[in-house]
Amino acid sequence: MFSVLVSPGNEKAFAAGADIKEMQNNTFSDNTKAGFLREWEDVSNCGKPIIAAVNGFALGGGCELAMLCDIIYAGEKAKFGQPEINIGTIPGAGGTQRLPRYVGKSKAMEIVLTGNFIDAHEAEKMGLVSRVFPVEKLLEETIKLAERIGTHSPLVVKMAKKAVNQAYETTLRSGLEFEKQVFYGTFATEDRKEGMTAFIEKRPPNFKNN
């Protein structure tokens, strides 16, 4: 077993995002010199799987934070959106870049250019959300997912996460070559050997993260 990070919200909001009062008097120079919002990328660079449990509003930076996670589970009352256009700006923590990769150009344009909210079931239909649950079941189901992932080799899970993320960074041909190299790389691990041996011997594997 190893740790999988679960990022839960509450029934009011998953995450508030950036503080508008804090940003109100920012200048182009201020943002450039400070690298405003750049630290958000630290979430996507985490080697462990991160699951977002969205049970309320995930708007603006909240929606962007959810998309930085690896898997999004949502409560049936959750709402998603990028309403920055309503206050004279645009998403600045990945909203214009990650959203099209989740839902396609047309839907992403509609969400970003209107500032409209989408509900959990529409988000699931678009591919933004993996699954939708009743509010009272959301955290329980998210923890079940984390526990299931936690039964696997931490090393190989990290490698698999890296391979899937590569699909968003390169062409299909380059991505397939990257996948092949990572796949070959698993054969240098003790956990791959243990996993296959346990399967043949019809017993649970005992992964050591090696």
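Biologist: In which helix do Lys 144 and Glu 140 both lie?
Modeller: This is a predicted model. The side chains of Lys 144 and Glu 140 meet in a salt bridge, 3.6 Å from N to O. The two residues are four apart, about one turn of the helix. Both lie in helix H8.

Biologist: Is Lys 144 buried, partly exposed or exposed?
Modeller: Buried means under 20% relative accessible area, and exposed means over 50%. Lys 144 has a relative accessible area of 43%. Therefore Lys 144 is partly exposed.

Biologist: Which residues are linked with Lys 144 in a network of salt bridges?
Modeller: Glu 140 meets Lys 144 in a salt bridge. The network also takes in two other residues. Its members are Lys 137, Glu 140, Glu 141 and Lys 144.

Biologist: How many residues apart are Arg 98 and Glu 41?
Modeller: Arg 98 forms a salt bridge with Glu 41, with the closest N and O atoms 2.9 Å apart. Arg 98 sits in helix H5 and Glu 41 in helix H3. The pair links distant parts of the chain, 57 residues apart.

Biologist: Is H9 roughly parallel or antiparallel to H10?
Modeller: The axes of helix H9 and helix H10 come within 10 Å and cross at roughly 175°. Angles over 145 degrees count as roughly antiparallel. So H9 is, relative to H10, roughly antiparallel.

Biologist: Which residue is the bridge partner of Ala 74 in E8?
Modeller: Strand E5 runs parallel to strand E8, and three bridges join them. On the E3 side, E5 pairs in the parallel sense over four bridges, and Val 54 stands opposite Ala 74. In E8, the bridge partner of Ala 74 is Val 132.

Definitions and conventions:
Residues are numbered from 1 along each chain as its sequence is written. This is a predicted model: local features need pLDDT of at least 70, side-chain atom pairs count only at pLDDT 80 or more; totals for chains, interfaces and linings use all residues. Side-chain values use heavy atoms; hydrogens and water are left out. Two strands pair if DSSP finds at least two bridges between them. Axes are lines fitted to C-alpha atoms, for helices over the stretch in contact, and angles run from 0 to 180 degrees between N-to-C directions. Angles under 35 degrees count as roughly parallel, over 145 as roughly antiparallel, 65 to 115 as roughly perpendicular and the rest as oblique. A salt bridge is a side-chain nitrogen of Lys or Arg within 4 Å of a carboxyl oxygen of Asp or Glu. Buried means under 20% relative accessible area, exposed over 50%, partly exposed in between (1.4 Å probe, protein chains only).
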